[in-house]
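Please open the model in your viewer and keep the selection tool at hand. The tour below goes from stop to stop, telling you what to select next and what is there.

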Protein chains: 2
Amino acid sequence: MPPHVVIIGAGFGGLEAARALGRAPLRVTLLDRNNHHLFQPLLYQVATASLSPADIASPIRRVVSRQLNTQVLLADVKAIDAAHQVLLLDEDDEMAYDYLIVAAGASHAYFGHPEWAVLAPGLKTLEDALAIRRQVLLAFEKAERAHDEAERKRLLTFVIVGGGPTGVELAGALAEIAHYSLSDEFRTIEPEHSRIVLIERGPTILPTFPEPLRRAARKSLERLDVEVHEGGTGVTAIEPGLVKFDNHTLAAGTVLWAAGVAASPLGASLGAPLDRAGRVIVNPDLSVPGLQEIFVIGDLAVFSYQGGTPLPGVAPVAQQQGRHAARNVERLIRSLPTRPFHYVNYGNMATIGRGSAVADFGRVHLSGFIGWLAWLFIHIMKLVGFRNRVAVFFEWGWAYLTYQRSVRLITGLGTKEG
Amino acid sequence: MPPHVVIIGAGFGGLEAARALGRAPLRVTLLDRNNHHLFQPLLYQVATASLSPADIASPIRRVVSRQLNTQVLLADVKAIDAAHQVLLLDEDDEMAYDYLIVAAGASHAYFGHPEWAVLAPGLKTLEDALAIRRQVLLAFEKAERAHDEAERKRLLTFVIVGGGPTGVELAGALAEIAHYSLSDEFRTIEPEHSRIVLIERGPTILPTFPEPLRRAARKSLERLDVEVHEGGTGVTAIEPGLVKFDNHTLAAGTVLWAAGVAASPLGASLGAPLDRAGRVIVNPDLSVPGLQEIFVIGDLAVFSYQGGTPLPGVAPVAQQQGRHAARNVERLIRSLPTRPFHYVNYGNMATIGRGSAVADFGRVHLSGFIGWLAWLFIHIMKLVGFRNRVAVFFEWGWAYLTYQRSVRLITGLGTKEG
């Protein structure tokens, strides 16, 4: 029997690891709790009614269907028993492994306020995106039916917490919906008078970008009438319909969370050293200290051997680590020493609404329309599957020409909103 | 103040009525509990992972945004107080009307077995379609993980109750998924060995079609390995994982309901005569006996003045009735007598999987590939919105060339399946 390599998670890191092992003389099992790989960088476009879930998701089985050594299973891993080399799955199943690549990712952290989670949903899964889409579209619908002006104003106030790329992109997309897509469709409210507030408690939005690009991003947000609050106290309280930050108390119908990150609890079950966010502090070769047959990659790993600061939780890091972990597994099987990982940074980008983006390619900085074209091109090329590329290209072209949002559906009304 | 016309429901009938009143000197309010109009004839394609919800839904506001006399409100009508000409809405709201067009539609009836509803979901809303899609795709995933052969066989048995167009189309699409789309993606199960059973308790499937077309449909279903059971006892019991019909007891992981229809309870609140399914028996001019300012159209109405048998619950009937009710409202306002409704039947069609359909255009009968092309053409033309037409055309072309299902997403796992 060839050695059994199990990969937990089919995000960017796990999927790349599985692909890298596709022709190796191994048995590969790829586990995920969803049946689809998700292109997370475009998740905010599902949340803001530009793309359908299917446009940014691919069935994992189809992606690896030609790898005859690979089996995909829909399963939720509950814990890792590293001492016995066994995974504990849902349905009381177990699974033995010879080598393990853990790419279980991360979810939201609410700065020690878990009670905020229901009031300020975050954006990590398709379900999150659909819930946010429902909440945002319902805000306009409820405002049109509201009986007094204060209530209408509250419903049309949207707060986004966190000024990283996700927060900036959400704010820009919300401003676009309000100012362009919905105008002329309501008879009582004027969606263009919606208030969109972006709150970053750090000194600046987009902290990983160089200052000239941040300035360009701020200008783009201003043009879209987004209020940007940087470097204050951050959000100090969230109550139903209310947000407190700096010295303000704001009546807001919708609060969205794009701030902290908490690693998957699977990291803790390894018994390895963790950082404050619960991420596994890996060796230079991505293995876990004391467990040479286990590799941790992507958002669940802290890798601090390049310049001291940990690598950011972005797709290229996860993908390069996935390929590298796969190669190290193959080296172990051939009794070769593993090699240290080295990240190659090709760039960093964020888009701010219609026709504007910032892109940092090291020496080359792009902003405005040119930045946006670069952003479009790279994201379409990186999507998994030809069908999704064509579909997204069509949706974007259509949206650009018509100012419309194609996916303005409120679903789940019956089950969730009564 | 011009007279106030309220339309309940933005399905085929209600939307058509609203459009017909778009230029009249009236105030029109269009109420729906969803924010989208749904192209129900293609709903089974969402349930079987061919189309995204957004492809067959259009925001109601956008469809009528140019009608300046029309306001759209997201509201659930709880009851009609015809004596005071007032509607009771959710959120304890009320709304007065001068004229009312009731197009509230229908949901499923389970032949006196309401407890079957959770075991055998029906297909009326987008939420229904997403729940069915989830259940069908999960069946294959669970079978791949199952530990014994009997369980695998049970999970890969799909029963469809009801041999009307919806049941036939669901059965054909399920057979296609199993036989083409999923082959080569599993390592333990063979999806092509799935068993698909269609049960009709009447003497024949597609009872509204002429016999030669039924024969063609049966042949197409046979080619797809669908077992068709007609004219027996029908389903006599549904229990978890089990279906009883005729003299069979079948272990089935998935049971889908495409049979009975129950009218919206709003009909009963009118105090008018109802048929057994709860539908309102309307006057020849579509008004309610004793309430000349209220018109009932579409699936909620029984209209038996043409040949004795009631008109079927299909989109063209609802649309023609919507236009007619709108015209009768205008006549009442101008103090003219209303006119009786007359339905013009342009045809009747159903599709059976890839490249086969039956179409009954009165003297012209089409079946097989030609029938399918006619079906494609007519459905794409009838879709609301240019964007949806292009998107569906692309999805169908893609599916035809690749045998793939583009929307194979299991969502809602976190909330519903744990």
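Helices here are DSSP runs of H or I with at least four residues, strands are runs of E with at least two, and both are numbered from the N terminus. Axes are lines fitted to C-alpha atoms, for helices over the stretch in contact, and angles run from 0 to 180 degrees between N-to-C directions. Two residues are in contact if their C-beta atoms, placed from the backbone, lie within 7 Å.

This is a predicted model, in which local features need pLDDT of at least 70 and side-chain atom pairs count only at pLDDT 80 or more, while totals for chains, interfaces and linings use all residues. Residues are numbered from 1 along each chain as its sequence is written, and chains are lettered from A and ligands numbered from 1 in the order in which they are written.

Now select strand β1 (residues 4-8) and strand β9 (residues 99-102) of chain B, which pair in the parallel sense over 4 bridges. Within this pair, B:Ile8 has B:Val102 of β9(B) as its bridge partner.

Move to chain A for another sheet. Here 3 strands form an open sheet in the order β6-β7-β8 (chain A), with antiparallel pairing. Its edges are β6 (77-81) and β8 (94-96) of chain A, each with a single partner strand, so one side of each is left without a neighbour in the sheet. From one strand to the next, the twist averages 20°. Select β6(A) together with strand β7 (residues 86-89) of chain A, and you will find antiparallel pairing over 4 bridges, with A:Ile80 opposite A:Leu87 in β7(A).

Now display both chains. Where do the two chains meet? In this model, 40 residues of chain A are in contact with 40 residues of chain B. On the side of chain A that touches chain B, α4(A) gives the most, with 7 residues. That side divides into 17 nonpolar, 11 polar and 12 charged residues, where Ala, Val, Leu, Ile, Met, Phe, Trp, Tyr, Cys and Pro count as nonpolar, Asp, Glu, Lys and Arg as charged, and the others, Gly among them, as polar.

Select α10(A) and helix α10 (residues 386-402) of chain B, whose axes come within 12 Å and cross at roughly 170°. That makes α10(A) roughly antiparallel to α10(B), a term for angles over 145 degrees. The contact is made by A:Arg387, A:Val390, A:Phe394 and A:Trp398 of α10(A) with B:Arg387, B:Val390, B:Phe394 and B:Trp398 of α10(B).

Finally, view the whole assembly. Chain A can be laid on chain B with an RMSD of 0.0 Å by a turn of 180° and a shift of 0.0 Å along the axis, and the two copies are thus related as by a two-fold rotation axis. The superposition is by least squares on the C-alpha atoms of residues with pLDDT of at least 70 in both copies. Select A:Ser52, which of the residues of chain A comes closest to the rotation axis, at 3.4 Å (C-alpha).

How values were computed. Parallel < 35°, antiparallel > 145°, perpendicular 65-115°, else oblique. Pairing = 2+ DSSP bridges.
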